[in-house]
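Keep the 3D view open while you read.

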Amino acid sequence: MKRVFSGIQPTGNIHLGNYLGALRQFVDLQKDNECIYCIVDMHAITVPKDPETLKKNIMDVAALYLAIGIDPDKSIVFVQSDVPGHAELSWILTCSSYTGELSRMTQYKQKSKMQESAPTGLFMYPVLMAADILLYDTNIVPVGDDQKQHIELTRDLAKRVNGKYGEDTFVIPEGRYMKSGARIMSLDDPSSKMSKSAENEYSRIQLLDSPSKIKKSIMRATTDSEGIIRYDVENQPGLANLLNIYSVVTEKPVEDIVKEYDGKGYGALKKDLAEILIESLAPIQKSYNDIRNSDELKRILADGAEKANAIAEKTVKRVKDNFGLGNRF
Ligand code: TYM
């Protein structure tokens, strides 16, 4: 059995990109693997957050994890800051990382470019992410395309440490990316990825959106003036994004969808896609509403933290031992 680890930030607005790129894989991987799914609240505070909103968002993500089909009897579900090993290992890894490699991270460059002085947490974000993964001797990390660079950094750090402190220090993990769905683009600007933080709420479909919001977002989605349905990412990126979403959700090949809508125009395609999305998100929304207010949720997270901590403690002990840290080994 392989060990799977992944996480999502409790920043609200969880959208179709998060689902099709990452969350959907979380559910499938449960069948044959030992899975650990985290709510990475310490990553969320790299950008200042209102404490009450953060608390609410953590529970929202926990409920969403279960609503999409993560089974707490099979997988460990927990909140990052409930397991101290994440912060501990993050420091140890920090001492093996270089400012040069961290300043080359695209996500850091994008998020810091608007600010005169970037928060140190944003800079260290990928090291904490590496700690998350390495703490559980993870083999597989299911994520969207945008996390590839962070996964590569994690692998580099692990190999570097192993070379210096012993090959048994870390397991080298691998990223797992969906063939289609790994990069869902924004509906109003198909040159950037669909994101939780974009100002225009119609640029994304959130998993908990109402049918009318879903309809509006799809009908307003940016396309082009060609008026011909074909899959051409270069020249018709907005349409290609819609065809891609359609294909991933229905599991129909893009070519079949193109044929089906040949001569029908963008309106018909958009109308059907909106219906398909409304229908496929309805069961998730229904179970979300049942779970969100149940007392079970807190118990599941407490239980998950205990199980995660038991694994994490062993890794921290091994790593400290290899580094010569502490006096209790
Ligand atoms: P977050 O919360 O920003 O994103 C959660 C997951 O959603 C994927 N994703 C997308 N996939 C396809 N299309 C998009 N438009 C899109 N937008 C987001 C992300 O790739 C991610 O898999 N850094 C992580 C959180 C994290 C983590 C970890 C993940 C912290 N520690 C350890 C794995 C392992 C992140 O981006 O979360």
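Let us begin with the second largest pocket, where α13 is the biggest contributor to the lining, with 6 residues. Please keep in mind throughout that this is a predicted model.

**The second largest pocket**

This pocket has a volume of about 300 Å³. Two elements give two or more residues to its lining, namely α4 (85–94) and α13 (296–323). The lining of the second largest pocket has 14 residues in total, and those nearest the centre are Glu313, Val316, Lys317, Lys320 and Arg328. By residue class, the lining holds 5 nonpolar, 4 polar and 5 charged residues.

**The largest cavity**

Rolling a probe the size of a water molecule over the atoms shows where empty space is left. For this model, the count comes to 3 cavities of 30 Å³ or more. If you want to find the largest cavity on screen, look to α6 (106–112) and α7 (120–134), each of which supplies at least two residues of the lining.

The table sets the two spaces side by side.

| Space | Volume | Lining residues by class |
|---|---|---|
| Second largest pocket | about 300 Å³ | 5 nonpolar, 4 polar, 5 charged |

The protein is divided into domain 1, which covers 2–183 + 295–323, and domain 2, which covers 201–288. Between the C-alpha centres of domain 1 and domain 2 the separation is 30 Å. Domain 1 brings 16 residues to the contact, and domain 2 brings 13 residues. Together the two domains bury an area of about 1,300 Å², with carbon and sulfur atoms giving 70% of it. Which three residues supply more than any other three of the area that domain 1 buries against domain 2? They are Asn13, Leu16 and Ala67, which supply 37% of that area.

As background, most residues other than glycine have a negative phi. Is Asn13 buried, partly exposed or exposed? Its relative accessibility is 31%, so Asn13 counts as partly exposed, because that class lies between the 20% limit for buried and the 50% limit for exposed.

Asp137 also has a positive phi, of about 50°, although it is not a glycine. You will find Asp137 in the loop between α7 and β4 (140–142).

Ile68 belongs to helix α3, which spans residues 51–68. Its relative accessibility is 9%, so Ile68 counts as buried, because buried means under 20%. Which residues does Ile68 touch, not counting those up to four places away in sequence? Its partners are Tyr19, Leu23, Val27 and Ile284. For one of these, Leu23, the C-alpha atom is separated from that of Ile68 by 7.9 Å, although the two residues are 45 residues apart along the chain.

Notes:
Residues are numbered from 1 along each chain as its sequence is written. This is a predicted model: local features need pLDDT of at least 70, side-chain atom pairs count only at pLDDT 80 or more; totals for chains, interfaces and linings use all residues. Side-chain values use heavy atoms; hydrogens and water are left out. On a 1 Å grid over the protein atoms alone, a cavity is a set of points where a 1.4 Å probe fits but cannot get out, and a pocket is an open set with protein on both sides within 12 Å along at least five of seven lines; lining residues have an atom within 4 Å of a point. Grid points are joined across faces, edges and corners, and a volume is the space filled by probe spheres set on the points. Helices (H or I, at least four residues) and strands (E, at least two) are DSSP runs, numbered from the N terminus. Ala, Val, Leu, Ile, Met, Phe, Trp, Tyr, Cys and Pro count as nonpolar, Asp, Glu, Lys and Arg as charged, and the others, Gly among them, as polar. Buried means under 20% relative accessible area, exposed over 50%, partly exposed in between (1.4 Å probe, protein chains only). Contact means heavy atoms within 4.5 Å. Domain bounds come from an automatic or database domain assignment. Buried area is the accessible area (1.4 Å probe) that two parts lose on being put together, summed over both.
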